[in-house]
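Me: Could you walk me through this structure with its ligand? I would like to start with the pocket and then move on to the contacts.

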Amino acid sequence: MNERPTTVVTFGTFDVFHVGHLRVVQRAAALGDRLVVGVSADALNVRKKGRAPVFSEAERMEIVRSLKPVHEVFLEESLEQKRDYLLEHHADVLVMGDDWAGKFDEFEDICRVVYLPRTPAISTTALIEKISDMGS
Ligand code: C2G
């Protein structure tokens, strides 16, 4: 029997890449056969978080693209286009960290929506603070 591969799609900024990012990528990939990652654009981050990421979108995409479980990356330019991105990339499963729990249930009509628990005690913001404290 020739079944279509299951495509998992996840989104994130993945700035100052750390082990929490790696784990969500690994766990997302384990839910299907192909993992496609939407990396948030620099401009989206400025709109969403009020600051530019430390690493540019081209650098963040390069890092995520090089990960073994990742088959494809694309640039996520706007949160409002999520449905289009999911359709365009033939998502069977949408994976998000549980900081987004419930926020994407509206897409259950086109794919499975899974929220994975975040890795505790690590975040880009905490890392930036820790690194800047080291310099003072
Ligand atoms: N993550 C995690 N554990 C952490 C930190 C992050 O599991 N300790 C997960 C987040 O839940 C997310 C992914 O790593 O699934 C990327 O995290 P961010 O870069 O912070 O993503 P965010 O800026 O929330 O972008 O369309 C939505 C956005 O693109 C999500």
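**The pocket and its ligand**

Reply: We are looking at a predicted model, and in the lining of the largest pocket the largest share, four residues, comes from α1.

Me: How does the lining divide by class?

Reply: The lining of the largest pocket has 10 nonpolar residues, 13 polar ones and nine charged ones.

Me: OK, now the ligand. Where is it?

Reply: The ligand takes up the space that is the largest pocket. Around the ligand there are 21 residues, of which Thr 13, Lys 49, Glu 76, Lys 82 and Ile 122 come nearest.

Me: Which atoms of Thr 13 and Glu 76 face an oxygen atom of the ligand, side chain or backbone?

Reply: For Thr 13, an N or O atom in the side chain is 2.7 Å from an oxygen atom of the ligand, and for Glu 76, an N or O atom in the side chain is 2.6 Å from an oxygen atom of the ligand.

Me: What about Ile 122?

Reply: With Ile 122 a backbone N or O atom lies 2.6 Å from a nitrogen atom of the ligand.

Me: How much of the ligand's accessible area does the protein cover?

Reply: On its own the ligand has 640 Å² of accessible area, and the protein covers 95% of that.

Me: Last one, what is the shell around the ligand made of?

Reply: The shell's residues divide into seven nonpolar, eight polar and six charged. At least two shell residues come from each of β1 (7–12), α1 (19–29), α2 (42–49) and β4 (93–97), and α1 gives the largest share, three residues.

Key: Residues numbered from 1 in each chain as written. Predicted model: local features only at pLDDT ≥ 70, side-chain atom pairs only at ≥ 80, totals over all residues. Heavy atoms only, no water. Near = heavy atom within 4 Å. Polar contact = N/O pair within 3.5 Å; in protein donor to acceptor, adjacent residues only side chain to side chain. Areas by Shrake-Rupley, 256 points an atom, 1.4 Å probe, with all protein chains shown as cover. 1 Å grid on protein atoms, 1.4 Å probe; cavity = no way out; pocket = protein on both sides within 12 Å on 5 of 7 lines; lining within 4 Å. Sits in = over half its atoms within 2 Å of the grid points. Nonpolar A, V, L, I, M, F, W, Y, C, P; charged D, E, K, R; others polar.
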